[in-house]
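Let's walk through this one together, a piece at a time. Have the viewer open and follow along.

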Amino acid sequence: MNIPKLSLHNVNKHFTEDFSLQDINLDFYSGQVHSIIGENASGKSSIIKIISGIFSLDSGEMILDGNPVLFKSVSDARKSGIYCVSHDTSLFPNLSIYENIFSDTFSNKNSIFSTVNLEKLRQKCYELFDEFNINLNVDSHISTLNYPQKQLIELLKVYVSSAKVIILDEVSSSFTLVEKNTLFSIISKLKSRGVCIIYITHIIEEIKMISDQLSIISQGKIICSKDVINITDDDIITLLSVSIRKKPYPKLNIKLGENVLSVENLQVQNSLDNVSFKLKKSEILGITGLIDSGRSVLGQCLFGNINSYKGKIVINGNVKKITSPSNAIESGIALLPDYPSLNSLFECLNLEKNITSASLKRFESHKYLHEDIIYDVTGSYIKKLNIKPGNQRDKISHYSSGNQQKVVLAKWMMSKARIYILNEPTRGIDIASKIDVYNCITDLVRKGASVILISSDIDEILGMCDRTLVLTDGKIVAEFHRNEATKEKIISKAIHG
Amino acid sequence: MFAIERIKIIKNYLIENKQLEVNILSKMLNVSEVTIRRDLEKLEREGFITRTHGGAILNSEDTISNEDISENTNYEEATDYNDIADIAIEMINDDDVIMLSNGIINLSIAKKLTNKNNLTVVTNDILIATELTNHQIVKVILLGGVIDHSTKSVFGTITIDNLNLFYVNKLFIEVNGISSNLDVTVSSINMASLIQASIKNSNERIVLCSSEAFKKNSFYKIGKLSEITDKIITSSNIDDNSKTEIFNNNIQLFTSINAFEDHL
């Protein structure tokens with residue numbers, strides 16, 4: 001107990017001007033669960049990536065069993081018994097469940113010619129399923145499973161491995177109660193085997209239930225590290241709410257107008273439950289919540305990507321059936337999705353073609369596009385939004401994420417959309433681009449457009465929004481006006497519902 | 001889209017195509033046909049085109065001189081000041097008592113104060129005061145003092161004594177330079193002491209400057225930006241390092257991105 005299995009001593013890692021890990025000191029003990037909690041982008045994943053060998057450290061050291069170690073790769077970390085299960089599964093979709101569970105043990109054989117006794121593994125897999133009451137066919141292919149089931153298989157895979165340290169990164173986020181119980185019994189068996197578990201989560205109840213130690217991280221620094229029995233829920237929320245930035249957000253107090261959008265009893269199976277809200281002209285409405293709270297689904301639904309929704313969407317007083325993005329665009333709705341490079345840009349096309357892709361009708365006359373006017377108008381947007389380097393023939397895939405984000409914004413602004421749904425518009429982009437995005441939002445609402453800002457950055461929500469809705473499990477659990485919203489209230493609602 | 005930009009685009013279009021139709025241009029530039037016709041009238045006065053029924057034809061090439069280009073850069077500056085003033089206007093409410101320090105951006109603000117009610121403006125800039133005499137609803141207080149001919153404003157101990165009679169709830173400070181570590185500077189010692197005095201007599205302060213200010217330092221220091229204000233309005237093309245530095249100092253940075261073309 002007194003000697004930690006794994007320690008981080010004064011670990012520093014610089015990422016961007018905005019974010020770095022600073023003086024991280026953590027001790028992890030065998031046979032104990034150490035939970036790490038923090039806002040999105042607080043540095044949880046970065047710590048994990050350092051432990052599991054994906055990132056190297058700038059300074060400080062990592063000590064395993066009393067000896068300093070330096071991992072150059074994930075396989076280095078694995079050789080030392082450190083395994084990680086994260087939201088991205090790494091299973092073989094075309095192999096069966098039992099083959100996947102035992103796939104890591106194959107390589108332990110001394111010779112490549114030794115055969116694998118598949119039947120024996122299959123048998124072992126049955127026993128494993130019995131042990132944890134799992135009702136799945138061991139011969140099914142991974143590709144036939146849903147996401148929580150895949151996560152479960154990942155868990156079993158580390159369970160049968162020879163891991164000494166296991167990192168579980170938000171594994172429970174997609175789990176129902178049944179799967180969570182399986183997860184907890186796996187964790188308790190691992191604990192009794194003396195495995196050291198590092199558990200990352202957003203959910204306070206889980207921490208209280210399973211962990212021995214808790215560390216809270218905020219903006220790249222560990223702000224608290226304690227035994228769980230010495231800490232209350234309220235302490236956790238207070239510590240999570242510590243904000244280092246005041247409010248450098250360019251927010252103007254614009255007079256709000258009439259309702260432009262009313263959402264009534266919106267229902268999407270498994271994601272949204274009876275969601276109703278209104279959006280006014282010139283308003284910035286914040287929507288926040290945990291990863292699976294339904295906040296992204298809401299954006300997708302209003303943009304017509306989910307056509308099986310129930311409920312009413314009313315735009316400027318008219319009920320609209322929005323079952324495709326083209327319906328949404330006709331109604332003046334624009335969506336800036338999370339990961340724009342995957343979901344909203346034409347990677348193979350150049351800057352100009354991307355920016356004008358939603359506005360071609362405007363430049364058409366007699367079946368002919370006026371290239372020189374397109375060039376001038378696009379140039380004006382590129383200049384105003386500081387899109388760099390900004391040569392109109394540049395291929396968009398070579399641009400930084402901040403610039404790509406601005407390209408998507410420019411595209412919708414040019415098309416004269418009136419309701420902008422921005423999903424995590426500033427995640428992972430540089431500060432200068434962030435400021436441009438915020439000022440674009442200000443430009444839009446100043447001229448009468450309306451913005452729905454979906455974000456997990458609570459400081460940003462507090463800084464930019466007139467009103468904020470908190471989603472938990474697909475339901476709106478709270479609404480805060482600008483003058484009454486605090487980080488503490490929002491986090492508490494997002495976590496407890 | 002701003003008029004200056006539109007005229008530039010129309011000029012380029014004419015140079016390429018030699019002629020244009022009003023209805024096509026109105027659709028592509030997202031403005032009414034009346035607006036395009038007005039632009040064409042302006043270009044006709046400049047001798048650039050001859051208007052026809054429903055359109056215009058370019059005059060001979062040699063009428064396009066270097067003059068047009070140099071004119072454009074002045075226009076761009078004016079547009080920039082105007083865009084900055086547009087943001088500033090949103091921060092001014094009815095019944096406010098504000099001070100506008102001397103300068104061209106503050107003059108642009110003064111020109112836009114027409115739709116505010118019961119406003120009181122204190123200024124040391126004679127041009128601003130003169131401009132405001134056009135709006136009878138605005139109460140104007142022109143400070144006294146020694147006239148500086150180059151800025152057409154008053155400075156000196158008389159001005160500061162005058163200033164100390166008032167307390168304003170918003171002070172708009174136009175500055176000339178901001179260094180890389182955010183020291184705010186102006187071009188004369190009189191101006192520096194006036195601004196320092198006015199800061200003491202104000203509730204909220206907003207710093208205004210064009211992006212040029214970030215490229216040069218003036219000689220007379222007012223103080224650190226973060227000690228003076230928590231709001232700054234500047235052009236959208238300021239450099240990335242300055243943006244980052246301002247944000248990291250917890251200062252609200254408004255840039256005059258004037259991109260959205262609709263005014264709903």
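Is α15(A) largely enclosed by the rest of the structure or largely exposed, and why? Keep in mind that this is a predicted model. Of the 14 residues of α15(A), 13 are buried, so the helix is largely enclosed by the rest of the structure. It covers residues 401-414 of chain A and reaches 20 Å from its first C-alpha to its last, close to the 20 Å expected at 1.5 Å a residue. Just after α15(A) comes K416(A), with a positive phi of about 65°.

Next, have a look at a helix pair in chain A. Helix α6 (residues 147-160) and helix α7 (residues 177-192) have axes that come within 11 Å and cross at roughly 10°. Angles under 35 degrees count as roughly parallel, so that is what α6(A) is to α7(A). On the α6(A) side, the contact uses P148(A), L152(A), L155(A) and Y159(A), which meet E179(A), T182(A), L183(A), I186(A) and L190(A) in α7(A). An α-helix has 3.6 residues a turn, so residues three or four places apart point the same way. Sorted by class, this contact has seven nonpolar residues, one polar and one charged.

Now for the two chains. Here 38 residues of chain A are in contact with 31 residues of chain B. On the chain A side, α14 (371-384) and α16 (431-446) are the elements that give two or more residues, and α16(A) gives the most, with ten. That side divides into 17 nonpolar, seven polar and 14 charged residues.

Chain B itself is divided into domain 1 (3-63) and domain 2 (82-255), and the C-alpha centres of these two domains lie 38 Å apart.

Conventions
Residues are numbered from 1 along each chain as its sequence is written. Chains are lettered from A and ligands numbered from 1 in the order in which they are written. This is a predicted model: local features need pLDDT of at least 70, side-chain atom pairs count only at pLDDT 80 or more; totals for chains, interfaces and linings use all residues. Two residues are in contact if their C-beta atoms, placed from the backbone, lie within 7 Å. Helices (H or I, at least four residues) and strands (E, at least two) are DSSP runs, numbered from the N terminus. Ala, Val, Leu, Ile, Met, Phe, Trp, Tyr, Cys and Pro count as nonpolar, Asp, Glu, Lys and Arg as charged, and the others, Gly among them, as polar. The expected span of a helix is 1.5 Å times one less than its number of residues. A residue is buried if 20 or more other C-beta atoms lie within 10 Å of its own, exposed if 12 or fewer, and partly exposed in between; C-beta atoms are placed from the backbone. Domain bounds come from an automatic or database domain assignment. Axes are lines fitted to C-alpha atoms, for helices over the stretch in contact, and angles run from 0 to 180 degrees between N-to-C directions. Angles under 35 degrees count as roughly parallel, over 145 as roughly antiparallel, 65 to 115 as roughly perpendicular and the rest as oblique.
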